[in-house]
Amino acid sequence: DELIKISLIRARLCEAIATKIGLSKRKTEFFLMGMISTIDAFIGRPLEEIVQELPVAKGLKDALLGKDNVYGMVYSLVLCYERGDWDRVNQWIRKLALNEEDIPKLYTEAIRNVNEIADFIN
């Protein structure tokens with residue numbers, strides 16, 4: 001259950017950040033990136049192997065493999081925020097031209113959304 005919640009929170013946060021930086025037309029890809037980000041724990045295989053087999057955008061694959069592109073910047077921001085790596089969070093916020101107040105609000109909203117889904121299911 002917790003791993004599913006982490007995946008959904010990442011997905012919602014990636015999607016929200018994409019919208020905030022003007023990429024709302026690609027928000028579904030960002031959502032998918034968040035969902036895929038924990039697939040290795042579900043399947044028990046290295047993420048690198050799994051990602052290569054998925055029929056998703058190359059930029060999304062590259063981001064999950066640590067390459068620097070817009071997907072990767074959003075993904076790195078999400079991971080740094082989860083870990084509480086505030087120096088790196090601030091670096092990514094600047095690179096993505098976000099406001100510092102945006103991320104905590106978007107993260108809280110993502111958690112609230114995921115909790116609503118969990119409550120509905122249970």
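Predicted model: local features only at pLDDT ≥ 70, side-chain atom pairs only at ≥ 80, totals over all residues.

Colleague: Okay, noted. How many helices and strands does the protein have?

Modeller: Eight helices and zero strands. Going along the sequence, the pattern reads α-α-α-α-α-α-α-α.

Colleague: And what does the C-alpha trace span along its principal axes?

Modeller: The C-alpha trace spans about 35 × 35 × 30 Å. The radius of gyration is 14 Å, and because a compact globule with 122 residues would have one near 14 Å, the two agree.

Colleague: What about the surface? How much of the accessible surface belongs to carbon and sulfur atoms?

Modeller: Carbon and sulfur atoms account for 51% of an accessible surface of about 7,100 Å². As for the inside, buried residues make up 40% of the 122 residues.

Colleague: Let's go inside, then. How many residues are in the largest nonpolar core?

Modeller: The largest nonpolar core has 35 residues, and those with the most contacts inside it are Ile17, Met33, Leu64, Leu77 and Ile103. At least two residues of this core come from each of H1 (2–20), H2 (27–36), H4 (47–53), H5 (58–64), H6 (70–83), H7 (86–95) and H8 (102–121).

Colleague: Which helix supplies the largest share of this core?

Modeller: That's H6, with nine residues. As a background point, nonpolar side chains in soluble globular proteins tend to be buried together.

Colleague: You mentioned Ile17. What is Ile17 in contact with, leaving aside its neighbours within four places in sequence?

Modeller: Val74, Leu77, Val78, Leu98, Ile103 and Leu106.

Colleague: How many of the contacts across the whole protein join residues at least 24 apart?

Modeller: Counting contacts between residues at least 6 apart in sequence, 53% of them join residues at least 24 apart.

Colleague: Let's stay around H1 for a moment. Is Ala18 buried or exposed?

Modeller: Ala18 lies in helix H1. Its relative accessible area is 0%, so Ala18 is buried, the cut-off being under 20%.

Colleague: And what does Ala18 touch, not counting residues up to four places away in sequence?

Modeller: Leu23, Ser24, Lys27 and Phe30. For a sense of distance, Ala18 and Ala63 are 45 residues apart in sequence and 14 Å apart in space, C-alpha to C-alpha.

Colleague: I was also looking at Thr28. Where is Thr28 found?

Modeller: Thr28 is in helix H2. With 57% relative accessibility, Thr28 counts as exposed. From C-alpha to C-alpha, Thr28 and Ala18 are 9.1 Å apart in space, and they are ten residues apart in sequence.

Colleague: Switching to H4 now. Why does Val51 count as buried?

Modeller: Val51 is found in helix H4, and it counts as buried because its relative accessibility is 1%. Leaving aside neighbours within four places in sequence, Val51 is in contact with Ile36, Lys61, Leu64 and Leu65.

Colleague: How far apart in space are Val51 and Lys61?

Modeller: They are 6.0 Å apart, C-alpha to C-alpha, and ten residues apart in sequence.

Colleague: And Glu53, is that one buried or exposed?

Modeller: Glu53 is in helix H4 too, but at 55% relative accessibility it counts as exposed. Glu53 and Leu13 are 25 Å apart in space, C-alpha to C-alpha, and 40 residues apart in sequence.

Colleague: Last one from me: what is the phi of Ala97?

Modeller: Ala97 has a positive phi of about 55°, although it is not a glycine. You'll find Ala97 in the loop between H7 and H8. At 68% relative accessibility, Ala97 counts as exposed.

Conventions
Residues numbered from 1 in each chain as written. Heavy atoms only, no water. Core = buried A, V, L, I, M, F, W, Y, C linked by side-chain atoms within 4.5 Å. Buried < 20%, exposed > 50% of the residue type's maximum accessible area, 1.4 Å probe, protein only. Helix = DSSP H or I, 4+ residues; strand = E, 2+ residues; numbered from the N terminus. Contact = heavy atoms within 4.5 Å. Rg over C-alpha atoms; globule rule 2.2 N^0.38 Å. Areas by Shrake-Rupley, 256 points an atom, 1.4 Å probe, with all protein chains shown as cover.
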